[in-house]
Amino acid sequence: MTDIDIGYAAGLLDGEGSIAIRKYRRALGHIWYYAIEVQIYNNHRPVLEWLRLHFGGKISARKCFGNRKPSFVWRAWGQKAARVLRLLGPHLKIKSQHADNALALYDIPRTKKAVLGKKGWPRTAPEITEQRNRLFETMKVLNHRGLVA
């Protein structure tokens with residue numbers, strides 16, 4: 001990618017995108033998982049195809065309401081999202097704090113040494129869970145819409 005392409009992609013993310021930390025549980029529901037996600041919304045699918053070509057990820061259609069144009073979203077998560085944020089982060093003007101926060105979560109060491117919980121289920125060490133949750137809550141504040149409380 002050229003510097004112009006990187007700047008263009010950063011502008012798309014700043015203007016039409018979002019950076020989020022997702023918190024979820026898997027089927028058994030014993031451990032909280034955190035993942036970073038980058039999304040860019042647009043009506044022009046070819047520009048999203050260009051992003052997918054360079055960064056991977058997936059494109060999906062969004063629901064159309066009334067007489068609105070079809071809209072699409074490109075998504076990257078986990079390692080692909082981290083790669084996107086490391087490349088575009090220095091060029092972001094609006095969402096630079098979001099990118100730094102998401103990368104801080106991604107850079108927390110993933111340890112295989114889990115603490116055993118009450119019923120013998122493995123769980124993440126409390127200090128790591130606390131750190132991840134603090135970054136999750138920070139992202140919620142950064143992504144808050146509406147009037148400042």
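These are my notebook entries on one chain, looked up in a predicted model.

**Entry 1: the overall layout**

I started with the elements and got 5 helices and 6 strands. Walking from the N terminus, I read them off as α-β-β-α-β-β-α-α-β-β-α. The chain has 149 residues, and 36% of them count as buried. I also checked how far along the sequence the contacts reach. Taking contacts with a separation of 6 or more, 58% are between residues 24 or more positions apart. The accessible surface comes to about 10,000 Å², and carbon and sulfur atoms hold 55% of that.

**Entry 2: the sheet**

In what order do the strands of the open sheet lie? I found 4 strands in the order β1-β2-β4-β3, with antiparallel pairing. β1 and β3 (58-62) are the edge strands, each with a pairing on one side only. On average, neighbouring strands here are turned by 35 degrees against each other, direction ignored.

Next I went through the pairings. β1 and β2 are joined in the antiparallel sense by 9 bridges; in that pairing A20 sits opposite E37 of β2. Between β2 and β4, also antiparallel, I noted 6 bridges. There I40 has W74 of β4 as its bridge partner, and Y41 stands opposite V73 of β4. A reminder to myself: side chains in a regular strand alternate between the two faces of the sheet.

**Entry 3: helices on the sheet**

**Entry 4: helix α1**

I tested whether the length of α1 makes sense. The helix covers residues 3-16, which is 14 residues, so at 1.5 Å a residue it should span 20 Å; the end C-alpha atoms are 20 Å apart, and that agrees.

Then I asked which residues of α1 are buried. They are I6, A9, A10, L12, L13 and D14. The general rule I keep in mind is that an α-helix has 3.6 residues a turn, so residues three or four places apart point the same way. The buried residues of α1 pack against β1 (17-25), β2 (32-42), α2 (45-55) and α3 (78-88).

**Entry 5: aromatic pairs**

How many aromatic pairs are there in the whole structure? The search gave 4, and I wrote up two of them.

The rings of Y34 and F136 have centres 6.2 Å apart and planes at 70 degrees; over 60 degrees counts as edge-to-face, so that is what I call this pair. Y34 is in strand β2 and F136 in helix α5 (residues 126-142), so the pair links distant parts of the chain, 102 residues apart. Are these two residues buried or exposed? Y34 has 16% relative accessibility and therefore counts as buried. F136, at 14%, counts as buried as well.

F55 and W74 make a tilted pair, with 6.2 Å from centre to centre and 50 degrees between the planes. F55 belongs to helix α2 and W74 to strand β4 (residues 71-77), so this pair ties together parts 19 residues apart in sequence. Both F55 and W74 are buried. W74 had already turned up in my sheet entry, as the bridge partner of I40.

Methods:
Residues numbered from 1 in each chain as written. Predicted model: local features only at pLDDT ≥ 70, side-chain atom pairs only at ≥ 80, totals over all residues. Heavy atoms only, no water. Helix = DSSP H or I, 4+ residues; strand = E, 2+ residues; numbered from the N terminus. Expected span 1.5 Å × (residues − 1). Buried < 20%, exposed > 50% of the residue type's maximum accessible area, 1.4 Å probe, protein only. Contact = heavy atoms within 4.5 Å. Phe/Tyr/Trp six-rings, centres within 6.5 Å; stacked < 30°, edge-to-face > 60°. Pairing = 2+ DSSP bridges. Axes fitted to C-alpha atoms, helices over the stretch in contact; angles between N-to-C directions. Areas by Shrake-Rupley, 256 points an atom, 1.4 Å probe, with all protein chains shown as cover.
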